[in-house]
Amino acid sequence: MVATPIGHMGDISARALEVLQSVDCIAAEDTRRTLSLLRHFGIQTRCIACHDHNEKNAAKGLIKLLSEGKNIALVSDAGTPLISDPGFILVRDAINRVDIHVVPIPGPCAAIAALSAAGMPTRKFVFEGFLPAKQAERQRYLSTFQQERRTLVFYESSHRIIALFDDLLEQFGAQRRAALAKEITKLHETFKVGELQQIADWLGEQEVHCKGEFVVILEGASQESDDADRIEARRVLAALLTELSVKKASKVAAQIVNLNKNELYQLALELR
Ligand code: SAM
């Protein structure tokens, strides 16, 4: 399992190069991309395709080669294989065979690189990778993290980054702290750290800010802010409920306090 650069070619390890050079073949997510990496380092090892759409079949062929005593390196397009990338079926099937030895060759990983330089709490974190593509599903999924204390890590592409921030704002409020790590190790590497609203504003400032690859890090909920938000929400809701329905009061309160509409609706029901 060979990790490859996520942008900067200098990040490939000496051991990765040695392995890519010496194996009998390389199983690659995209053989064309891997061939250009190999060309860059003057390596001529043969490549076989192993991607999301053929992994089940490809794994069978690769396991056969491995059981015949061949050595195979698995690489993805960038970073560490299996981390939001193909390889799971191959590794699972390989380790079920006593005659096949699976070895990691560690190296770049966008999530870990982002965490290491964003200044966000890293003692405990949850890696969520890509969120559901459909907005309603994404909102529902994000809402399950309302009470999550650990730092959350997401992957996102350029065409959904604005939508992701819209959803994060709705679910976690404008003031929740976050970090945006863009184009890590590449020419336009940028880290933006601050409140969700500040980062969303920066993304909206210029079209070019939304171009590239992103890791989004969201600070977990804090006990104190949770408590303070709830106290404030109760105060505001109590006043609004004297004049408005539960539905209307929670909708208006969502514009004033740092809790989402669903939570406010539940609180309003309790207070009524
Ligand atoms: N296996 C890879 C790894 O170890 O990080 C991740 C592969 S996943 C298909 C691709 C996603 O990783 C991108 O959409 C982006 O969210 C993130 N990513 C990859 N390279 C990145 C970079 N240089 N800067 C920021 N994010 C990156």
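Trainee: What share of the contacts between residues at least 6 apart in sequence joins residues at least 24 apart?

Mentor: In this predicted model, 68% of those contacts in the protein chain join residues at least 24 apart.

Trainee: Which aromatic pair links distant parts of the chain, and what makes Phe127 and Tyr155 edge-to-face?

Mentor: By the ring rule there are three aromatic pairs. In one of them, Phe127 and Tyr155 have centres 5.1 Å apart and planes at 75 degrees.

Trainee: Why is Tyr155 called buried, and why is Phe127 called partly exposed?

Mentor: Tyr155 has 9% relative accessibility, and buried means under 20%, so Tyr155 counts as buried. Phe127 has 32%; that lies between 20% and 50%, so Phe127 counts as partly exposed.

Trainee: How do you know that Tyr141 and Phe145 are edge-to-face too?

Mentor: Their centres are 5.6 Å apart and their planes are at 70 degrees. Since the angle is over 60 degrees, this pair is edge-to-face. Here Tyr141 is partly exposed at 32% relative accessible area, while Phe145 is buried at 8%.

Trainee: Which residues do ring pairs link into a cluster?

Mentor: Phe127, Phe130 and Tyr155.

Trainee: Happy to end on the whole chain: how does its radius of gyration sit against the globule rule?

Mentor: The protein chain has 23 Å, whereas a compact globule of 272 residues would have a value near 19 Å.

Technical notes: Residues are numbered from 1 along each chain as its sequence is written. This is a predicted model: local features need pLDDT of at least 70, side-chain atom pairs count only at pLDDT 80 or more; totals for chains, interfaces and linings use all residues. Side-chain values use heavy atoms; hydrogens and water are left out. The radius of gyration is taken over C-alpha atoms; the globule rule is 2.2 Å times the number of residues to the power 0.38. Contact means heavy atoms within 4.5 Å. Rings of Phe, Tyr and Trp (its six-membered ring) pair if their centres lie within 6.5 Å; planes under 30 degrees apart count as stacked, over 60 as edge-to-face and the rest as tilted. Buried means under 20% relative accessible area, exposed over 50%, partly exposed in between (1.4 Å probe, protein chains only).
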